[in-house]
Each structure stands twice: as C-alpha cells, then as structure tokens.
Amino acid sequence: MQKIILKISHEDLSLIDDQKLECFILDENLSSHFKNEFTLKAKAKNKLVLGLSLSDVLAYNLDGIVLDLSKSKNIKTDFKTQTKDLKNKFTGIICRNRRHEAMIASECEPDFIIFKAWQDGSDKIKELTSWYNEMFLIQSALYPQENIDYQSFQTDFVILESLKP
C-alpha cells in the first residue's frame, strides 16, 4: 500500500496530528509564519517536510525538495544546479511521463521519481509506473492531477492535495 505525502496548500496545523501522514510538501504560496510554525511542529513529531523551492528549503531548514523538471531540456544539469547547496536533504524529481526521461532523472540518483497522472491516458501512466518499478530501485510517487484510482498504480508513494479519496 502506498504511503501518502500530503501537499499543504491551506494553513491547517491540525494535519500534523494525522497518524497516516509522515511527510508533507509545503506550497510556496503559504505564509512565512505558517511555513515556519508547521515545520517546527512537524519535526517535533518526527515527520518530514519538503519544499518546492530551494529558497524555502534553506529558509525553513526543510528536510528536502521536490523539483519539477518535467519541462527541463537538460535534467542532469538542472538537477545538479538546483541541488548543489542541499547537503543530506531528500530529493524528488517530477519528470515527464516517458521512459527515457524517467531513466535520465533516475541517473541523478534522487530519493524518488514522481509521475503525474490524469484520467485521460491513465492506462499509459499505469504501465509506465509498473515498468519503472520493475527496472529501478529508486522509489516512485504518483501525483494525480485529477480524481483517479491512485491505489491501482504501482508506486511507493502518492502525493495528494486533499485526504478525500
């Protein structure tokens, strides 16, 4: 069963207390005060907090970063540039839903690769995540962009923006 990573897009400190959640991604649009308070409280409960920007990771001493490299022309260079100041931090890469890009992203040795999924074409993405998990040891995550049956995908994690199924 996939573990849930919750993307926090509204200010709600009570989410930290949810026993099912061990990892969060803070949206860049949240207030600085909330990001700081959320991070301190989550870390006190031994939960991971990731950011979407290098500036947030450094400013709030987050545990890692999720990089959207899905539009990158040179994944390896962009990954190296954006993570050079991150020592001992978790990294996740959002890549295009193509085998070649998944392989290139995996060569960067992130902690996990993220695939986005939509209703239209979900069978192709399901086949891609199956292939990926057979070929690579790097963990994978699914980031559903619509209400789809994410549990039917072979990924280690699912990134949700809401806890509603």
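## Salt bridges

A salt bridge is a side-chain nitrogen of Lys or Arg within 4 Å of a carboxyl oxygen of Asp or Glu. The structure described here is a predicted model. By that rule, the count in this model comes to 12 salt bridges. Side chains of opposite charge can pair when their charged atoms come close.

One of these salt bridges is formed by the side chains of glutamate 22 and lysine 3, with an N to O distance of 3.7 Å. The pair links distant parts of the chain, since glutamate 22 lies in strand S2 and lysine 3 in strand S1, 19 residues apart. Glutamate 22 is partly exposed, with a relative accessible area of 45%. Lysine 3 is also partly exposed, and its relative accessible area is 45%.

## A pair within helix H1

Which residue does the side chain of lysine 41 meet in a salt bridge? The partner is glutamate 37, and the N to O distance is 3.4 Å. Both residues belong to helix H1, where they are 4 residues apart, so about one helical turn separates them. Lysine 41 is partly exposed, at a relative accessible area of 41%. Glutamate 37 counts as partly exposed at 25% relative accessibility.

## A network of salt bridges

Arg96, Arg98 and Glu101 are linked in a network of salt bridges. Within this group, the side chains of arginine 98 and glutamate 101 meet at 3.6 Å, N to O.

Is glutamate 101 buried or exposed? Glutamate 101 is buried, with a relative accessible area of 12%; buried means under 20%. Arginine 98, in contrast, counts as partly exposed, at 49% relative accessibility.

## Strand S2 and its neighbours

Strand S2 covers residues 21–26 and is mostly covered, with 5 of its 6 residues buried. Strand S2 pairs with strand S1 (residues 3–8) in the parallel sense, over 5 bridges. Within this pairing, leucine 6 has phenylalanine 24 in S2 as its bridge partner.

How is the β-α-β unit made by S2, helix H1 and S3 handed? The unit is right-handed, and its helix H1 spans residues 32–44. Helix H1 is the helix that holds lysine 41 and glutamate 37.

## Cysteines

How many disulfides does the structure hold? The number is 0. Cysteine 95 is in no disulfide, and the nearest cysteine sulfur, that of cysteine 108, is 10 Å away. Cysteine 108 is likewise in no disulfide, and for this residue the nearest cysteine sulfur is that of cysteine 95, 10 Å away.

Cysteine 95 is buried, with a relative accessible area of 2%. Cysteine 108 is buried too, and its relative accessible area is 15%.

Methods: Residues are numbered from 1 along each chain as its sequence is written. This is a predicted model: local features need pLDDT of at least 70, side-chain atom pairs count only at pLDDT 80 or more; totals for chains, interfaces and linings use all residues. Side-chain values use heavy atoms; hydrogens and water are left out. A disulfide is a pair of cysteine sulfur atoms within 2.5 Å. Buried means under 20% relative accessible area, exposed over 50%, partly exposed in between (1.4 Å probe, protein chains only). Helices (H or I, at least four residues) and strands (E, at least two) are DSSP runs, numbered from the N terminus. Two strands pair if DSSP finds at least two bridges between them. A crossover is right-handed if, with the strands pointing away from the viewer, the path from the first strand over the helix to the second runs clockwise.
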